[in-house]
Amino acid sequence: MADVNPRLQQDITASPGADSLFGLADAPAAVRYLASFAMTAFATVVAAGVDSQVAIPNISLIFVVPVIIGAVGLGLAPSLFSAILGALAYNFFLTEPRYTLIVDDPANVWAIGLLFVVGLIGSGVAFTSRRRAIEAALLRRQATMLQNYSRDVAGIDNAKAIVSITCHMLAALFQVPVVILVLDGRRVSVEKVGNVEPQEAEIEAAQSSLATGLVVSAGVYPALTSRFDFWPVKTTAGGPRAAIGLAFDPDERPATPSTSVDIVSRFLALALDRQHFRHART
């Protein structure tokens, strides 16, 4: 592993939620709901304190702040939770009769309803904006990783190191277990990253992908029991052949993984062919 660029190691261990509010986006649901409750409680204290000193129109908008913050940093569900809590807190603490959920003035009914609707809209807009920002950041990260990978592979003069760095790069790119099966004559070697050990059925699925030159998807004939999707690496005839396997979570499978995997497989094919012809001449 000495030939593997440290940048890839950083990408593998980087926390995907490091850019979220206090790193809570990937926290357990109970923690995120507790944070949402705490922000709404703080907004309630501020609103009640201000209202006791001076009458401010539309003070209910204070409760929109934790909704927006929650949508950006905690997720959609905790943000909606803040919207509901905010409407209830405004009703209980700031409308007459106070400290009950009864509303005497019809205008306050409209105010509470409008607060809830504004909270819902703000939550949806903030959550959508954050998701698009994350997707854009992910695309930039993937493009940078592919550029670094192509440069690193071009500078490595060792077939095993090339396969190893490819395996680690794909694991960092997709955050899933990866296996690369290499057939060189009758010799079969397997490079893997992750805690999923390839089984006999998956080795057969990789060989089927190599034989047909097609992608073999997990759970689909002839790979009914395979946990890996396999892509063939189309090297020159006579050289080593390879198949790339990615073990996606069925519930979190990216929409078009082949776009990035095909790019990587082409670089890997060129690198393996280069090594094959270099050794053939010696």
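The second largest pocket has a volume of about 340 Å³, a volume being the space filled by probe spheres set on grid points that are joined across faces, edges and corners. A pocket here is an open set of points on a 1 Å grid over the protein atoms alone, where a 1.4 Å probe fits, with protein on both sides within 12 Å along at least five of seven lines; lining residues have an atom within 4 Å of a point. The model is predicted: local features need pLDDT of at least 70 and side-chain atom pairs count only at pLDDT 80 or more, while totals for chains, interfaces and linings use all residues. Residues are numbered from 1 along each chain as its sequence is written, and side-chain values use heavy atoms, with hydrogens and water left out.

The second largest pocket is lined by 16 residues, and Ala159, Lys160, Val182, Asp184 and Arg187 lie nearest its centre. Two or more lining residues come from each of α6 (159–174), β1 (178–184), β2 (187–193) and α8 (257–281); helices (H or I, at least four residues) and strands (E, at least two) are DSSP runs numbered from the N terminus. By class, the lining of this pocket has eight nonpolar, four polar and four charged residues (Ala, Val, Leu, Ile, Met, Phe, Trp, Tyr, Cys and Pro count as nonpolar, Asp, Glu, Lys and Arg as charged, and the others, Gly among them, as polar).

Two of the elements in this lining, α6 and α8, pack at an angle of about 170 degrees, with their axes 10 Å apart. Axes are lines fitted to C-alpha atoms, for helices over the stretch in contact, and angles run from 0 to 180 degrees between N-to-C directions. α6 is therefore roughly antiparallel to α8 (over 145 degrees; under 35 counts as roughly parallel, 65 to 115 as roughly perpendicular and the rest as oblique). The contact (heavy atoms within 4.5 Å) involves residues of α6 including Ala159, Ile162 and Phe174, and residues of α8 including Pro257, Val264 and Gln275. This contact of α6 with α8 comprises 13 nonpolar, three polar and one charged residues.

Helix α5 (residues 106–154) packs with helix α4 (residues 76–94) at an angle of about 160 degrees, the axes being 9 Å apart. The two helices, α4 and α5, are therefore roughly antiparallel. The crossing of α4 past α5 is right-handed, that is, the near helix is turned clockwise from the far one by less than a right angle. Residues in the contact include Leu76, Ala83 and Tyr90 of α4 and Ile112, Leu115 and Phe127 of α5. The contact of α4 with α5 has 12 nonpolar, five polar and no charged residues.

The axes of helix α3 (residues 64–73) and α5 come within 8 Å and cross at roughly 25 degrees. α3 is therefore roughly parallel to α5, and their crossing is right-handed. Among the residues that meet are Val64, Ile68 and Val72 in α3 and Leu115, Phe127 and Arg130 in α5. Nine nonpolar, four polar and one charged residues make up the contact of α3 with α5.

The loop between α4 and α5 contains Pro97, which is joined to Glu96 by a cis peptide bond with omega of about -10 degrees. Tyr99 also lies in the loop between α4 and α5; Tyr99 has a positive phi of about 65 degrees although it is not a glycine.
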